[in-house]
Amino acid sequence: MKAGSMKGLSVPPLLIGFGTVGLALGLVEIMLMLGLLNRFVVPFPSAVFGSFGRLFAEEELFERLLQTGAEALAASVLVAVFGIVIGVVLYRFRILRLATEPWVAAVAAAPIVLAYPLFLVIFGRSAATIVAMGFAAGLAPVVLKTLEGLNGVRKSLIDVGRSYNLSQSQLFWKILLPAAVPTIFVGVRLGLVFALINLIGVEFLINFGGLGQLINDLAERYDLPAMFATIVFVVLVSVVIFAALERMERWFRPAR
Amino acid sequence: MTDGEREDERDMVAANAKLRLAASRSAETDLVIDDVSMHFDTREGRITAVDGVSFAVERGEFVSIIGPSGCGKSTVFNILGGLIGGYEGTVSVGGEIVTGPHPSVGMVFQEESTFPWRTVIDNVAFPLEVKGVGKVERHEVARRFIDMVGLAGFEQRYPSELSGGMRQRVAIARTLVFEPKILLMDEPFAALDEQTRLLLGDKVLKIQQDLKQTTLLITHNITEAVQLSDRVVIMTFRPGRVKRIVDIRLPRPRDGGVIGSEAFGRYVAEIWNDLREEASRGMAESEAGARKGRG
């Protein structure tokens, strides 16, 4: 019922959102035409959108998207699997949790991308470095949210399980984990966003791989319209991924 | 009352309870709680939550435990359910000493305890699922109990789509589906409004009469205790002891109409008489505690 009324409301905000962006771009276009903005620094928005065809035809934008996508997928799977497993282990062993939780929290807040030279040395200038970087950046939030989710399971739910004499593993699979899933998923979403940001950042920094490298290339060629177009493209892809994750999250927590 | 007198009274109560226990053992007893004490160590020192509590519940009987907040009611509930250990004394179910959750005891909890990620029918079928009963069969059984608590038509809904009273009925159905011989309920209606509480009380009573279940209800609501019970165990404020056991001799089957009767009012007044002293002592102590905490 709630979702229905939200859906009814979501069309006008969407229009207003697109309208605002369109208006701002139009304004930039006019200011460039009038010479109020430097056209050597800011490209024409129309030229930015015009360069998409060229990007797909000559710069293999789609192939690069697939490449970055494959790296992102690998990093995501690693982040989700290791993050949740580590979170569960820390939940089970209190002493480990007490010893490591502050450090994990510190890592979650640190700009891990600065550690890229280390990964470069270990894995070389390869996709492995990029995946490892994304993995390192996305891990901490998943671990923390998994812990938070498991710790936050209501005592009455656990008592229900205990009153039916559930074994430890039944208690975990039937009660603790499903009860924690919504919180864990928030962590996974955060982790994936972190991983994606760092992934593209490292591609840019080490000039290797998909979309990040393309942005770097175009910047060095001083092809500003195409560079901005690629950035817009990355933003759009992120929006789509984010929306897909939200949809998945709703699927994980039905009617809540 | 001086300390000495209080001591005497306590001994007498304990002696009475023991006598009762001895007498009831000869009859068919399902649940015996014998001289149970429980202490907790807190920062303010050792607190005796429950002190030498003894009583027995006979087969098919409906007994309520009533007492002010802080009388150890919930501790007794957790002990009987086998959820906590480390107490003195013994608890036995159908003659067996309780060391953990007993398979013939079903528990309904005070707090929200339905699983939000499961539909009503999967919530109710949960105990059967854990036992390894196949999906078709467990859903069939679950449907029967969903019907019994009056939630037919809501099988595929999630708890978040239901009201508090409906969710508590789901929890009751989930406990009943296991067909426990003994039903323990810890203030199951505490979070509900008065009307819902009375209607749900009727429902529980009817189910209890149909299934002839031995039922122990923990409550702080006098009306509820009198409406539902064969006997009411009145507990004292901390440390929780059995102050008195009142037999409720109201005709059965009872329904909501019994509340208007003169006898009902007499029982409520009688229990309140006993409870008032304990409740005001509890209030005074918690106020003193708050004052100390602030200073």
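User: How many helices and strands are there in chain B?
Analyst: Chain B has 9 helices and 10 strands, where helices (H or I, at least four residues) and strands (E, at least two) are DSSP runs numbered from the N terminus. This is a predicted model, in which local features need pLDDT of at least 70 and side-chain atom pairs count only at pLDDT 80 or more, while totals for chains, interfaces and linings use all residues. Residues are numbered from 1 along each chain as its sequence is written, chains are lettered from A and ligands numbered from 1 in the order in which they are written, and side-chain values use heavy atoms, with hydrogens and water left out.

User: What share of chain B counts as buried?
Analyst: Of its 295 residues, 52% count as buried, buried being under 20% relative accessible area, exposed over 50% and partly exposed in between (1.4 Å probe, protein chains only). Among contacts in chain B (heavy atoms within 4.5 Å) between residues at least 6 apart in sequence, 70% join residues at least 24 apart.

User: Which residues is Phe77(B) in contact with, leaving aside its neighbours within four places in sequence?
Analyst: With those neighbours left aside, Phe77(B) is in contact with Met107(B), Val108(B), Phe109(B), Leu184(B), Met185(B), Asp186(B) and Ile218(B). Phe77(B) is found in helix H2 (residues 73-80) of chain B and counts as buried because its relative accessible area is 1%. Phe77(B) and Ile218(B) are 141 residues apart in sequence, and their C-alpha atoms are 7.3 Å apart in space.

User: And Glu187(B), buried or exposed?
Analyst: Glu187(B) counts as buried, because its relative accessibility is 7%. The residue sits in the loop between E7 and helix H7 (194-211) of chain B, and its phi is near 40°, a positive value in a residue other than glycine. Glu179(B), in the loop between H6 and strand E7 (182-186) of chain B, also has a positive phi, near 50°.

User: Switching to the interface, how many residues does the contact take from chain B and from chain A?
Analyst: The contact takes 24 residues from chain B and 18 residues from chain A. The area buried between the two chains is about 2,000 Å², of which carbon and sulfur atoms give 64%; buried area here is the accessible area (1.4 Å probe) that two parts lose on being put together, summed over both. In chain B, Leu83(B), Trp117(B) and Val130(B) lose the most area to chain A, together 29% of what that side buries.

User: Which residues form the salt bridge?
Analyst: Lys174(A) forms a salt bridge with Glu129(B), the closest N and O atoms being 2.6 Å apart, and the count between the chains is 1 salt bridge (a side-chain nitrogen of Lys or Arg within 4 Å of a carboxyl oxygen of Asp or Glu). On the side of chain B that touches chain A, helix H4 (126-131) and helix H6 (164-176) of chain B each supply at least two residues, and the largest share, 4 residues, comes from H4(B).

User: Over to chain A, what does H12(A) pack against?
Analyst: The buried residues of H12(A) pack against helix H3 (45-50), helix H4 (52-58), helix H5 (61-92), helix H10 (168-206) and helix H11 (211-220) of chain A. These buried residues include Phe233(A), Val237(A) and Glu249(A).

User: Where does Gln213(A) lie?
Analyst: Gln213(A) lies in helix H11 of chain A and counts as buried because its relative accessibility is 16%. Leaving aside neighbours within four places in sequence, Gln213(A) is in contact with Arg64(A), Glu203(A), Phe204(A), Asn207(A) and Phe208(A).
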